[in-house]
Amino acid sequence: MNTLVATHQPPAQSRPARLLIGLFLVLFIVSCIFDPADRVLSLKVPLFVACWGLTAMEALVRQDPIRLPRELLVYTLLFVAIPFASIVGYFAAHGGQPYEGFTLLKGYVLISLGALLYINRIDVLPQLAAVLTLLALLILGVLVAITLFPELYDLLYIPGAATGLLFLDRRDYAGLVLLQVYFVTSPMLVISIAYYFHLAKTHPARRRRAFYWLLTAVSVAGMFFAGTRNNLIISILLPLSLVLLYSRSRLNGMLLAAAAAALLATAFMDEVLKLFDPSEVSNFTKLSLLQDYAQTLSDPVGLLAGSGLGAYQFWDAKGMSFFISELTFLEMIRNFGLFGALLMLALLLYPLVYAFVMKPRFGQRHIVLAYGFYLLMCISNPNLFSSMGILILSVVLANLFRLEREPAARLWSRAT
């Protein structure tokens with residue numbers, strides 16, 4: 001990798017500035033996880049701007065230029081340029097209202113968080129995992145409370161939906177009725193699962209390993225009982241994949257993971273079949289969306305140029321006009337066109353290629369694996385280009401470049 005300005009390490013930041021930036025970053029993470037729609041305190045944008053403002057002020061005080069790896073700079077610029085170009089194309093072609101492109105663009109701009117973390121040499125994985133553990137405990141607490149006191153369901157339903165954080169439901173999967181305590185940020189629990197699984201496997205102290213196994217179990221349970229189909233499946237597949245990743249014998253690990261998966265599938269075959277029943281409302285809607293996309297993308301101009309980020313479309317599957325759908329990767333083609341979508345997909349897959357192909361000894365493959373499972377979940381939900389998905393990608397990118405450049409750097413979490 002090439003350095004944009006120089007290869008030497010920048011001078012250490014002052015401890016007060018480092019602590020203040022770290023504090024704002026933690027508050028930003030809390031806002032992303034517990035106020036994802038920004039409807040309660042509306043702090044995400046102010047906190048993000050404050051982090052960048054403090055970083056710029058610290059650089060001016062130290063009279064030291066901000067340094068970024070060339071690849072990270074190019075990655076960040078491309079990630080923002082693709083949606084911005086689609087917005088320009090939308091107005092050049094036809095324009096018109098309603099339109100939500102500028103609202104959606106904020107999620108893409110958030111990718112600059114990776115650069116901010118790299119500049120400040122901060123690893124927020126411990127703090128992110130800790131906050132996600134609180135989310136898992138909250139999911140389990142709400143589940144137990146509603147089970148013991150059913151009247152709480154109605155009390156929590158309206159405020160949960162109004163804040164955009166919690167959606168309670170009793171999902172009927174073709175006869176299999178599950179209480180769904182769906183916190184919209186619960187898919188992010190893949191990060192805490194992988195983070196604590198790694199510590200449970202590698203920490204030298206036995207008691208600490210037992211504690212980390214407990215935290216892993218809490219995150220797995222929280223994700224499972226959030227109740228969506230994606231959460232149920234990934235909360236099982238991710239731990240099995242981590243077992244395979246950490247197995248000394250790859251063959252033994254594959255056999256163990258396959259045996260566990262087969263055992264679970266056999267024991268819960270009826271439930272699995274009901275989850276994938278095409279007549280179930282959610283499944284039927286997503287399958288119907290494929291027909292909408294087939295019609296939209298059959299137009300060569302729409303296929304190659306795209307409709308533009310945030311452009312509304314009438315969806316027969318839903319009987320309404322809207323600017324986004326749950327099928328994220330097909331939505332990328334609708335927004336950016338085929339070539340723009342392929343370039344964006346390459347950017348999204350870069351951490352996986354880096355960790356498992358280019359640098360197979362990369363020290364955080366467990367986190368990159370969790371990110372890969374998050375991408376899988378986003379095939380059928382729109383959470384990839386939100387603050388949730390971009391937060392995960394930014395942390396992965398920052399650590400990927402930081403560990404490449406500064407393998408012996410002290411992390412912020414250890415220095416504070």
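## Stop 1: the core

Start by selecting Phe-79 and Met-344: of the 105 residues in the largest nonpolar core, these two touch the most other members. A nonpolar core here is a set of buried Ala, Val, Leu, Ile, Met, Phe, Trp, Tyr and Cys residues joined through side-chain atoms within 4.5 Å. Buried means under 20% relative accessible area, exposed over 50%, and partly exposed in between, using a 1.4 Å probe and protein chains only. Now colour helix α6, residues 125-148, which gives the most to this core, with twelve residues. Helices (H or I, at least four residues) and strands (E, at least two) are DSSP runs, numbered from the N terminus.

Before moving on, a word on what you are viewing: this is a predicted model, in which local features need pLDDT of at least 70 and side-chain atom pairs count only at pLDDT 80 or more, while totals for chains, interfaces and linings use all residues. Residues are numbered from 1 along each chain as its sequence is written, and side-chain values use heavy atoms, with hydrogens and water left out.

Which residues are in contact with Phe-79, leaving aside its neighbours within four places in sequence? Show Tyr-108, Ile-111, Met-344, Leu-347, Leu-348, Phe-385, Ile-390 and Leu-393. Contact means heavy atoms within 4.5 Å.

## Stop 2: α3 against α15

Next, select α3 (residues 70-93) and α15 (residues 328-358), which pack at an angle of about 160 degrees with their axes 10 Å apart. The axes are lines fitted to C-alpha atoms, for helices over the stretch in contact, and angles run from 0 to 180 degrees between N-to-C directions.

To see the contact, show side chains on both helices. From α3 come Tyr-75, Leu-78, Phe-79, Ile-82, Pro-83 and Ser-86, and from α15 come Asn-335, Phe-336, Gly-340, Leu-343, Met-344, Leu-347, Leu-348 and Tyr-350. These divide into eleven nonpolar, three polar and no charged residues. In that count, Ala, Val, Leu, Ile, Met, Phe, Trp, Tyr, Cys and Pro are nonpolar, Asp, Glu, Lys and Arg are charged, and the others, Gly among them, are polar.

## Stop 3: two buried residues

Go to Gly-227, in the loop between α9 (206-225) and α10 (229-246). Gly-227 is buried, with a relative accessible area of 5%.

Then step into helix α10 and pick Ser-235, which is buried at a relative accessible area of 2%. Beyond its neighbours within four places in sequence, Ser-235 is in contact with Val-220, Met-223 and Phe-224.

## Stop 4

Most residues other than glycine have a negative phi, and most peptide bonds are trans.

- Ser-42: phi is positive, about 50 degrees, and the residue is partly exposed at 39% relative accessible area.
- Arg-121: phi is again positive, near 50 degrees, but Arg-121 is buried, with a relative accessible area of 13%.
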